Amino acid sequence: MPVTPSLFRMLEWHEQIEAERQQPGARVFVSDYNGGHPFVEKYLGELADAAPGRLADIARYSALDEDAVLRAKIAEMHRRYDGADYAPRQVLPGGGSSALLGTFATWLLLTGRRRVHYIAPVYYKLAYLFRRMGVEPVRVAHGHAHQPEFDLRLPAERTVLVLTDPVWYAGRRVPAEVLRRIAEWQEATGSLVFVDGTFQYMRWDGERREESARLPADRTLRLVCPTKYLSVHGYRCAHLLVPAALREELAELHLNLHGDVAVSDRLFARRAADLMLGEGNGALVEHIRDSHRVLTASGALTARMPVESGFFLFARPRVPHRWFLALDAKYFELDGFPGYIRVNLLNRPGVEALMTAAGQRSEPGRPRQTAAEIRASSRAAGSRTSSPEASGPV
């Protein structure tokens, strides 16, 4: 019998937890995709309290890719942040990361590329697309790029390589040395690299530059997502930075697959570009760091990975993680790390559930809840903060 690729086994785990988390009364999902912060209205500006019809002509299609001003703003942002000379013609805006991942996977299929190489982990949506489209994923390293045992073995052939930077579940960036080796390999083989940078531009050290901008621009596609780095997920916008030679081909395919976005999403895309050209998202990143400090100081964790970027933490809670709904190592093609789970630092109910459960175990003189009682309170908290209709990761 044929062996199922590990990427597709990982996808099966995700499909199972998706089914469970949408059940009424499900346990608190501490690895949640959703989360909030105090800066949403500030980041939205006039979009926070003005209907789209007051800000734009809603009688017309909102042709995002035809917005030359938006593309120029995005290119300018990347010049300032990355020191990379992207031109507006290299910017392909779209309605969220998933739509652009779909366009990329379809392009692979239409151009006869039935095999891709990848560095784990990749987002499960891409695994879904590869499985449905019959694209064979070939892993090129054991371990993840930030691990000491990472053993990158790039093929000698010309191919397509997919990687994710940062490694989002743990907030770890792909080391600059790894990206340097990939760039040299691209030059030697002429291979194309797709970087899923959906969680980029949230560096905890305050630096702006993303090292993947160093990859050869004529052989690299980079996916960037303002709805993630501003953590306003109800709007849908993202963009691809693409080689100039592929731009029109990919833009035509994307438009025919997905159509135009809503006017509200186009307005948000402009607002996001203006924000990053102005004050940036530093306040949000500091808020995430504050949440991390509170959680770690509470004693709710017994071990954790260091975090460099984003709003996820990979850590081992003091209480058994089976008491919660959570993503552990198998959801990311990761070996080892028993008891570790992904924690969304922006999801207040999940963070508070971890601290409350740990407090029940450790406070002297306080009657301890049984495991069943803590699981019951976890389910109750989940029902208060989510519903079966709540949106998942898209």
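This is a predicted model: local features need pLDDT of at least 70, side-chain atom pairs count only at pLDDT 80 or more; totals for chains, interfaces and linings use all residues.

Author: Strand β4 (residues 160-164) pairs with strand β5 (residues 192-197) in the parallel sense, over 5 bridges. Pairing needs at least two bridges between two strands in DSSP. Strands are DSSP runs of E with at least two residues; helices are runs of H or I with at least four, and both are numbered from the N terminus.

Reader: Which residue of β5 is the bridge partner of L163?
Author: V195 is the bridge partner of L163.

Reader: What is the strand order in the 7-stranded open sheet?
Author: The order is β1-β7-β6-β5-β4-β2-β3, with mixed pairing.

Reader: Which strands stand at the edges?
Author: β1 (91-94) and β3 (136-139). Each has a single partner strand, so one side of each is left without a neighbour in the sheet. The twist from one strand to the next averages 20 degrees. Angles run from 0 to 180 degrees between N-to-C directions, and axes are lines fitted to C-alpha atoms, for helices over the stretch in contact.

Reader: Which strands does helix α7 lie across?
Author: Helix α7 (residues 176-189) lies across β4, β5 and β6 (220-224). α7 runs at about 165 degrees to β4. Contact means heavy atoms within 4.5 Å.

Reader: Now the 3-stranded sheet. What order and pairing?
Author: β8-β9-β10, open, with antiparallel pairing. β8 (301-304) and β10 (341-344) are at the edges with a single partner strand each, so one side of each lacks a neighbour in the sheet. Neighbouring strands here are turned by 50 degrees against each other on average, direction ignored.

Reader: How many bridges between β8 and β9?
Author: 3, in the antiparallel sense, with β9 covering residues 312-317. A303 has R316 in β9 as its bridge partner.

Reader: Which helix lies across β8, β9 and β10?
Author: Helix α11 (residues 282-297), running at about 130 degrees to β8.

Reader: Switch to helix pairs. At what angle do α1 and α6 pack?
Author: About 115 degrees, with the axes 9 Å apart. α1 covers residues 6-21 and α6 covers residues 124-133. Their crossing is left-handed. That label means the near helix is turned anticlockwise from the far one by less than a right angle; clockwise is right-handed.

Reader: Who makes the contact?
Author: On α1, the residues include L7, F8, L11 and E15; on α6, they include Y124, Y128 and R131. By class, the contact has 8 nonpolar, 1 polar and 4 charged residues. Ala, Val, Leu, Ile, Met, Phe, Trp, Tyr, Cys and Pro count as nonpolar, Asp, Glu, Lys and Arg as charged, and the others, Gly among them, as polar.

Reader: How do α5 and α9 cross?
Author: At roughly 115 degrees, with the axes of α5 (residues 97-110) and α9 (residues 247-258) coming within 10 Å. The two are therefore roughly perpendicular. The cut-offs: under 35 degrees is roughly parallel, over 145 roughly antiparallel, 65 to 115 roughly perpendicular, the rest oblique. α5 passes α9 in a right-handed crossing. Among the contact residues are W107 of α5 and L253 of α9.

Reader: How many helices and strands in the protein chain?
Author: 13 helices and 10 strands.

Methods:
Residues are numbered from 1 along each chain as its sequence is written. Side-chain values use heavy atoms; hydrogens and water are left out.
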